[in-house]
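Try each one before reading its solution.

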Amino acid sequence: MTQTQNRPFPLSQKYLDFLRYIASAEFLEGTTSAGKTTVAVPKFMFRISNYKGTKPSIISGLDLGTIEKNIINADHGLIDVFGDYEDGGKIEYNPTGKGKIRLPHILFHTPNGIKIIYVLGYDNKKRWKKALGGQYFGLFIDEFNIADMDFVREAFMRADYRLCTLNPDDPNKECFSQYVNKSRPIEKYKESAPKQLLDLLNQPQKEDWTWWYFTFKDNASLSEEKLKKIIESVPAGTKLYKNKILGLRGKTTGLVFVNFDRTKHCITKEKAKQFIPTNDKEETIQLLPKMRVKTDESEYFIKFTAGLDTAYSSLSPDTIAMSFAGITNRGKFILLDEKVYNNAELQTPLAPSDTVKNFIDFLERNRKEWGFAKDVFIDNADQATIKEFEKYKRQFGSIYVFNSAWKAKMQIIDRINTQLGWFATGNFYVVDTCVNYINELEVYSWLEDKDSVPEDGNDHMVNSVQYSFIPYVKIIGIGENK
């Protein structure tokens, strides 16, 4: 009986499904401490145990010492799970080789015979080149995102079954474009992965290559106390936090909206509706000037606003982003609704004339639910769409005033700094159904190679919301200023 049999390792349903699933290549991506390697290695060994052929297999990692620490001798590692052969277990590890096999290797004693598993650090090119001379059954690559790509290419084409664990990293790395992005999640767990990662799995799928996304919540053995220590040990806003804690890819140095916290700044739609002064929206608009000088303690919306950011490329994840927000008499800005379109995902890409109709429909739906945003603000870099709005108003008339966004009035760095202040003072909130904007707040980052310049990406809803609040910065946060 092994140590692990005395000390069971609990598994979540997703990991149980992973263990049962059969594919020729699998990629496990996600946060740190999600249990990826801990569960992946036994599956790899079970696949080898069931293999009736004689091809050897490979376990690889950064270097030999790392493999021994994280895979062979770790808690719930190979020796822990399958036992040391000298003590009656199934694993015989020979770190300096043995007999005719001079490379580090494992002899795995199975019902289908003794299986040879080479142990290779991809840091040692001279050593792994000696091993990659034939065909292999299994290939396990730990920390795939930092693996030597020459090793990956050589080893991948020689193996029948490939299993790779990785943490999110720079999305421009070749390991993603050439391998990971050619895999797909199974249907059952497609919705449990971040949309921004799913969007990156955009290369033509290779056969049955499968992508799994695991987070802290999938690790049934991780206590709340341990999780809290892990999260608190990584500085928020750093690249490490984005990759390891949020489980998102990114090459940038840190998050822009570092003090955004879902638990503090997201509210339900029901909570937001408490700020609607009356049930009659038209009457409310007429009373707004009087309501702003009321002396009671109630808080209510005094202004509604909307923004539109546009991009029409069908070749990139450019997004047409619409935002609708309310501002209260105490200076709170609350994003109430959003709508996004991605031309790359649409069978018939949107044209500027389509955006006009869609935006007016969006405004009308929110007017009926929340209130009337008379002035709305459109990306002034998109003159084609602005001209379509002007054309629409000449032909059909409209209660809305379509303004060019006041971008020149407030530089990007000033918008960000102002918004960070509103988060800090409790004057900026997001209705929790605005998932696209929430996701952008959690990934929008600074560029590595430029000082105080945010990335050109993950920002379409960010821009849309900024267009909506720039004209009203003087009445947002007034409660705190008072």
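**Exercise 1.** How many strands form the open sheet, and in what order?

*Solution.* Start with the ground rules: this is a predicted model, where local features need pLDDT of at least 70, side-chain atom pairs count only at pLDDT 80 or more, and totals for chains, interfaces and linings use all residues. Residues are numbered from 1 along each chain as its sequence is written, and side-chain values use heavy atoms, with hydrogens and water left out.

Next, trace the sheet: 8 strands run in the order β3-β4-β5-β2-β6-β7-β1-β8, with mixed pairing. Strands are DSSP runs of E, at least two residues long, and helices are runs of H or I, at least four, both numbered from the N terminus; two strands pair if DSSP finds at least two bridges between them.

Then look at the edges: β3 (91-94) and β8 each have a single partner strand, so one side of each lacks a neighbour in the sheet.

**Exercise 2.** Find Y179 and decide: is Y179 buried or exposed?

*Solution.* First, locate Y179 in the loop between α8 (174-178) and α9 (195-198). Its relative accessible area is 9%, so Y179 is buried (under 20%; exposed is over 50%, partly exposed in between, with a 1.4 Å probe and protein chains only).

Now list partners: leaving out residues up to four places away in sequence, Y179 touches residues including F27, V152 and W209 (contact means heavy atoms within 4.5 Å). V152 is 27 residues away along the chain, with 9.5 Å between the C-alpha atoms.
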